[in-house]
Amino acid sequence: MKKGTQCVHAGYEPKNGEPRQMPVYQSTTFKYDSSDAMGRLFDLEASGYFYTRLQNPTNDLVAARIAELEGGVGAVLTSSGQAANFFACFNICEAGDHMITTANIYGGTYNLIGWSFRKMGIDVTFVDMEASDEELEAAFKPNTKLVFGETLTNPGVRVLDIERFAATAHRHGVPLIVDNTFPTPVNCRPIEFGADIVTHSTTKYMDGQGVTVGGVVVDSGKFDWMAHADKYPGLCTPDASYHGLVYADKFGKAAYITKLVTHLMRDFGSIQAPQNAFYLGLGLQTLHIRMKKHCENALAVARFLESCPEVAWIEYPGLESDPMYARAQKYLPGGSCGVMAFGLKGDRARAERFMDSLKLVTIETHVADCHSCILHPASHTHRQLSDDQLREAGVRPDLMRLSIGLEEAEDLIADLKQALAK
Ligand SMILES: *Cc1c(COP(=O)(O)O)cnc(C)c1O
């Protein structure tokens with residue numbers, strides 16, 4: 001089926017007389033007829049639901065839809081995008097291990113990996129996403145367990161060369177994890193370009209209305225853990241907490257995603273509430289239509305800003321003049337997303353005056369939903385950093401992140417025009 005049809009139908013096929021819309025299973029627990037039937041679930045000998053901290057039918061229906069959209073073998077919904085990226089890495093990394101990540105990533109992920117993972121004893125090397133092959137090779141260590149990047153970076157909207165990063169990771173026997181939040185599977189399926197694990201903050205376009213915080217981890221099922229068994233003892237050697245079960249033997253292609261549920265969800269929680277999964281499911285039904293409109297709107301706005309004398313620079317991979325244009329045509333031929341970055345001529349105060357003059361576009365920490373919004377990282381999310389520190393983090397001091405929603409482009413352009421005039 002085509003992606004639009006998958007958005008509406010994948011993961012849920014009601015049988016005779018069952019609800020047309022996927023129902024919310026608002027239940028913490030599930031009933032069994034015999035003690036033995038329940039015992040088998042705890043041994044992972046039978047599949048079924050017993051407690052919503054690990055699995056819930058509503059979550060699984062929605063996760064199955066996302067897994068199909070991404071072309072994976074399975075997926076798990078998490079309480080947030082942060083939780084998704086945490087679980088995706090921690091499922092195969094522990095104290096004493098090392099990971100490589102591109103430096104050009106979402107600030108929250110940068111903190112998670114650069115501070116919290118290091119605190120847990122997981123070492124990390126940050127590489128520029130445009131690093132040379134030699135620089136990339138040099139980042140690998142014997143204890144490297146994964147490579148991480150974002151399809152489209154937040155806030156810079158730069159395009160990751162997924163094939164190059166995947167090939168390099170695979171040469172070293174480790175998987176590539178890609179955060180695909182901004183393009184969504186409608187505009188890019190990283191697994192088709194060699195990514196092994198895909199994550200999302202579903203808080204953004206997937207929900208799309210700005211109502212629920214959530215995340216998802218998708219397993220491509222393509223990485224051969226057993227071929228690198230020495231690196232991944234958690235998947236390839238007996239798990240004492242499940243009577244000596246070996247995930248890669250018992251679950252094959254679904255080993256990684258099964259361990260994420262039965263081990264990490266069991267121990268850390270961070271499940272998405274079923275009610276939130278239901279909202280996410282509703283959002284997914286219109287994702288293909290919304291992404292198209294976000295991209296059309298954003299391209300019109302980006303073309304307008306590019307033509308304004310007050311605008312010093314603009315980055316949007318859909319613009320022919322953007323250095324990322326050719327790469328975007330390869331990875332995101334149908335469009336990128338609604339987010340762009342730009343700077344005004346002049347100082348911070350001038351940027352603030354511009355933002356304060358906007359009427360329709362609102363100042364928000366959020367991004368990527370139906371309402372257009374704007375953020376100035378130097379004044380908001382990265383406020384504690386000096387201009388030099390900002391540049392180090394890959395954020396220009398004058399960068400404004402503009403997220404174009406589903407309003408009519410004409411109204412958005414009129415709003416930007418009047419604010420620029422002020
Ligand atoms: C927002 C975001 C996250 C974090 O997701 P939350 O749902 O806010 O926890 C991770 N990655 C990217 C690319 C994001 O934009």
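## Ground rules

Residues are numbered from 1 along each chain as its sequence is written, and side-chain values use heavy atoms, with hydrogens and water left out. Since this is a predicted model, local features need pLDDT of at least 70 and side-chain atom pairs count only at pLDDT 80 or more, while totals for chains, interfaces and linings use all residues.

## Overall shape

The chain carries 17 helices and twelve strands, taken as DSSP runs numbered from the N terminus (helices: H or I, at least four residues; strands: E, at least two). Its C-alpha atoms fill a box of roughly 75 × 55 × 35 Å along the principal axes.

The radius of gyration is 22 Å, which agrees with the value near 22 Å for a compact globule of 422 residues. That radius is taken over C-alpha atoms, and the globule rule is 2.2 Å times the number of residues to the power 0.38.

## Ligand site

So what surrounds the ligand? There are 16 residues, the closest being G81, D179, S201, T203 and K204; to count, a residue needs a heavy atom within 4 Å. Helix α4 (residues 81–90) gives the largest share of this shell, with three residues. By class, the shell has three nonpolar, ten polar and three charged residues, where Ala, Val, Leu, Ile, Met, Phe, Trp, Tyr, Cys and Pro count as nonpolar, Asp, Glu, Lys and Arg as charged, and the others, Gly among them, as polar.

On the polar side, a backbone atom of G81 is 2.9 Å from a ligand oxygen, and a polar backbone atom of Q82 is also 2.9 Å from a ligand oxygen. S201 puts a polar side-chain atom 2.8 Å from a ligand oxygen. Taken alone, the ligand exposes 380 Å², and the protein buries 92% of that (Shrake-Rupley areas, 1.4 Å probe).

Most residues other than glycine have a negative phi, and most peptide bonds are trans. L44 has a positive phi, near 60°, and sits in the loop between α2 (35–42) and α3 (57–70).

The peptide bond from N154 to P155 is cis, with omega near 15°. P155 belongs to the loop between β4 (144–150) and α7 (162–171).

Conventions
A polar contact is a pair of N or O atoms within 3.5 Å; within protein, one must be able to donate a hydrogen and the other to accept it, and residues adjacent in sequence count only if both atoms are side-chain atoms.
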